[in-house]
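Look over the sequence and the model first.

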Amino acid sequence: MATAIPSPPKVGMVSLGCPKALVDSERILTQLRSDGYQMSPDYSGADVVLVNTCGFLDSAKEESLEAIGEAMAENGRVIVTGCMGNEADTIMERFPEVLAVTGAHQYEDVVTAVHAAAPAARGAFVDLVPDAGLKLTPRHYSYLKISEGCNHRCSFCIIPSLRGDLVSRRPDAILREAEKLVANGTKELLVISQDTSAYGVDIRHQPQIWNGPIGQGREVRAHMTDLAVALGELGVWTRLHYVYPYPHVDKVIPLMAEGKITPYLDIPFQHAAPNVLKRMKRPANEAKVLQRVKNWRDICPDLTIRSTFVVGFPGETEEDFQYLLDWLEEAQLDRVGGFRFEPVEGAAANALDGAVPEEVKEERYQRLMEKTAAISAARLQAKVGRTLPVIIDEIGAPDEDGDIGATARSQADAPEIDGNVFLRNISADVAVGDIIDAEIEDADAHDLFGAPVTV
Ligand code: SF4
């Protein structure tokens, strides 16, 4: 008699927040899939809906609560996890019918809650997990989380109280995961953590043996530079995010100049004025950063630096803000995101005096954005006429003349946060994830435009 295969329960997932939360969602889904669950693309087909929340800013919390409300209205069987899970009372007060609330990185708890809400049909015929786990990002790029938590105590940030001190993954585990991702089609690895430059401090940079096709049993230290060297051997783009300008960062710049890792550094400077940085309690807060940036560019002229800045931090004076604008003029950062300071519940900065009025914050924010857009436009204009490698993210349908366009990115563009390279005249055999050479024909303040180089 044929074995009846029970239909597996279906789980819906709403993932909010930063790339780190996305990686958590991927891990939860990978576990559930290996436990025999199927994913539902919509609320109506789901037996239970997971909402992975972000609780970093009050505005993010509000967005998370709205997402929970929508899932409750559309489905009614909802489990909440992620950063806002640490505020179970707020959630349960507003949505008493929520089935369970678990905090960030409590994978087992979320999985247990799903099992309780919609018991899995076990059997030999449940779907197998793909080798590299399930991914929410497109197949051609993948986030690679190297550590969790943070040893710093920036006064505006509650991440250490939500996620605890730095806990680094073993280098061999990271490299094996990276090898698998590459074997499964990843062309670009995005290294993420709360503080990439601090990687391995908690495990005393202890070396481990990297087995696998490329590692071949060699020792790799749990250190950012050693990890960058090893990742550089995988033959794909490797982008470093959340790096602080500690002295050892100098050592990865030659790797970028040699083309081993992507010439791109995401450094969240947040401000430049010494007074403000001091009140923010920022790590690697030192006066010589501008000189370091200049030295990096001497070694690797194509280096792209992305950063974020906060305006209107308590005590920020007009002189401090002007210092930041002058610093940016000198530093010529390629990509900049701006935030107006927002007090986050539980952050030490809330007790600081010198609150900046909202209209002043807004005015400074506009000036910051004007300044950084002008720098970005000039830096992109300098690329017109050059030939650059680009990775294809999306291919359009042919227009009435049969011309196919594509959305791509250069090495200067991280997915979802930076600009794009818009291409015309793509040949029909180009696929998403291909890396091709493109001639840059035009630029605006954030994006480039061009066409593939024809040989
Ligand atoms: S470095 Fe500062 S801002 Fe970043 S996670 Fe740590 S405490 Fe928060």
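## Cavity, ligand shell and helix packing

The lining of the second largest cavity has two nonpolar, two polar and four charged residues. Here Ala, Val, Leu, Ile, Met, Phe, Trp, Tyr, Cys and Pro count as nonpolar, Asp, Glu, Lys and Arg as charged, and the others, Gly among them, as polar. The model is predicted: local features need pLDDT of at least 70, side-chain atom pairs count only at pLDDT 80 or more, and totals for chains, interfaces and linings use all residues. Residues are numbered from 1 along each chain as its sequence is written, and side-chain values use heavy atoms, with hydrogens and water left out.

The lining consists of Thr304, Asp334, Arg335, Ser376, Arg379, Leu380, Lys383 and Ala412. Helix H12 (residues 358-381) gives the largest share, three residues. The space inside is about 50 Å³. Two cavities of 30 Å³ or more turn up in a search of the whole structure. A cavity is a set of points, on a 1 Å grid over the protein atoms alone, where a 1.4 Å probe fits but cannot get out; lining residues have an atom within 4 Å of a point. A volume is the space filled by probe spheres set on the points, which are joined across faces, edges and corners.

Which residues are around the ligand? They are Cys150, His152, Cys154, Phe156, Cys157, Ile159, Pro160, Gln194, Tyr244 and Arg282.

Now the helix pairs. Helices are DSSP runs (H or I, at least four residues), numbered from the N terminus. Axes are lines fitted to C-alpha atoms over the stretch in contact, and angles run from 0 to 180 degrees between N-to-C directions.

| Helix pair | Axis distance | Angle |
|---|---|---|
| H6 (residues 171-183) and H7 (residues 224-231) | within 11 Å | roughly 25° |
| H10 (residues 289-299) and H11 (residues 318-331) | 10 Å | about 20° |

H6 is therefore roughly parallel to H7 (angles under 35 degrees). H10 and H11 are also roughly parallel to each other.

Notes
Near = heavy atom within 4 Å. 1 Å grid on protein atoms, 1.4 Å probe; cavity = no way out; pocket = protein on both sides within 12 Å on 5 of 7 lines; lining within 4 Å. Helix = DSSP H or I, 4+ residues; strand = E, 2+ residues; numbered from the N terminus. Parallel < 35°, antiparallel > 145°, perpendicular 65-115°, else oblique.
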